[in-house]
Each structure stands twice: as C-alpha cells, then as structure tokens.
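Trainee: Hello! Could you show me how to read a structure, one feature at a time?
Mentor: Gladly. Have a look at it, and then ask away.

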Amino acid sequence: MATTREEIQTELEDQVSQLTKQVASLTKAMSKRSAAALADSRDSASELYDGFYDRFTEALPAMRKQARAAQKTAQDNPMTTALVGVAVFGLLAALLTRR
C-alpha cells in the first residue's frame, strides 16, 4: 500500500503541476487578448472622436449663422419671443410634474 500511496501522491502532484501550467498559460493568453481589445477600443474611440470633431467643426459656422438669425428675430419680435418662452416653460413644467 505504501507504493500505491506514493504513486497517488506523485500522480496528484503531477496533475497539480500541469494545471498550474495551464492556468498560467490561460492567464497569459487572456492578458494578451485584453491588451489587444483595449488597444482596439482606444483606436475606435479616437476615430469616433475625430469624426465628431470634424463634423462639429464643419457645422459650427452654420450654427453660428442660425444663432445670429434667431437672435435678430428675437430682438425684432420681443412680444412673440416672450410668448414662445412662456409656452416652452409651461410645457417643460407640465412634463416635469407628470413624473
């Protein structure tokens, strides 16, 4: 029986050693994959930001022009502007009190 015990112990130690190596290998592989995924995510976020920035930069002059036109209209028609402002405020108040 002593031989059987020793064989079992040796076999278990070998299995634990193999499992330890497999876990280390899996950990290394997961580390590489997560690093690659992080790099891909950074690249995608950078490209997305650049796209938004370019579009916003292109649209900014038109937005400024529209803002100036709205400001001029508001200055030319103060009573209408006040009524629209009150209506918008009332609509927002009604929507907020519903919840």
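Trainee: How many salt bridges does the structure hold?
Mentor: Keep in mind as we go that this is a predicted model. To find a salt bridge, look for a side-chain nitrogen of Lys or Arg within 4 Å of a carboxyl oxygen of Asp or Glu. Here the structure holds 1 salt bridge. The partners are D76 and K72, whose side chains meet at 3.0 Å, N to O.

Trainee: Where do D76 and K72 lie?
Mentor: Both are in helix α1, 4 residues apart, which is about one turn of the helix.

Trainee: Which residues does helix α1 cover?
Mentor: Helix α1 takes in residues 2-76. E11 is one of its residues.

Trainee: Is E11 buried or exposed?
Mentor: The idea is to compare the relative accessible area with cut-offs: under 20% is buried, over 50% is exposed, and what lies in between is partly exposed. E11 has 51%, so it counts as exposed. Now try A67, which is also in helix α1.
Trainee: What does its 44% relative accessibility make A67?
Mentor: That value makes A67 partly exposed.

Trainee: How many aromatic pairs are there?
Mentor: For aromatic pairs, look at how far apart the ring centres lie, with 6.5 Å as the limit. The count comes to 1 aromatic pair. The rings of Y49 and Y53 have their centres 6.2 Å apart, and their planes are at 25°, so this pair is stacked.

Trainee: Why is the pair of Y49 and Y53 called stacked?
Mentor: Because planes under 30 degrees apart count as stacked, and the planes of Y49 and Y53 are at 25°. Y49 is exposed, with a relative accessible area of 54%, while Y53 is partly exposed at 48%.

Trainee: Which residues gather in a patch of negative charge on the surface?
Mentor: For a charge patch, look for like charges on residues with over 30% relative accessible area and no salt bridge. In this model D40, D43, E47, D50, D54 and E58 gather in such a negative patch on the surface. Take D43 from that group: it lies in helix α1 and is partly exposed, with a relative accessible area of 46%.

Trainee: Which residues form a nonpolar patch?
Mentor: V84, V88, L91, L92 and L95 form one on the surface, and together they have about 450 Å² of accessible area. L95 is found in helix α2, which covers residues 78-98, and L92 has its place in helix α2 too. L92 counts as partly exposed at 48% relative accessibility, and L95 is also partly exposed, at 43%.

Trainee: How far apart in space are E11 and M79?
Mentor: E11 and M79 are 68 residues apart in sequence, and their C-alpha atoms are 92 Å apart. For A67 and T27, the values are 40 residues in sequence and 56 Å in space, C-alpha to C-alpha. L92 and A36 are 56 residues apart along the chain, with 46 Å between their C-alpha atoms.

Methods. Residues are numbered from 1 along each chain as its sequence is written. This is a predicted model: local features need pLDDT of at least 70, side-chain atom pairs count only at pLDDT 80 or more; totals for chains, interfaces and linings use all residues. Side-chain values use heavy atoms; hydrogens and water are left out. Helices (H or I, at least four residues) and strands (E, at least two) are DSSP runs, numbered from the N terminus. Buried means under 20% relative accessible area, exposed over 50%, partly exposed in between (1.4 Å probe, protein chains only). Rings of Phe, Tyr and Trp (its six-membered ring) pair if their centres lie within 6.5 Å; planes under 30 degrees apart count as stacked, over 60 as edge-to-face and the rest as tilted. Patches are made of residues with over 30% relative accessible area and no salt bridge: like charges are joined within 9 Å, nonpolar side chains (Val, Leu, Ile, Met, Phe, Trp, Tyr) within 5 Å. Accessible areas come from the Shrake-Rupley method with a 1.4 Å probe; for residues, only the protein chains shown count as cover. Lys and Arg count as positive and Asp and Glu as negative; His and the chain ends are not counted. The place of a charge is taken as NZ of Lys, CZ of Arg, CG of Asp or CD of Glu.
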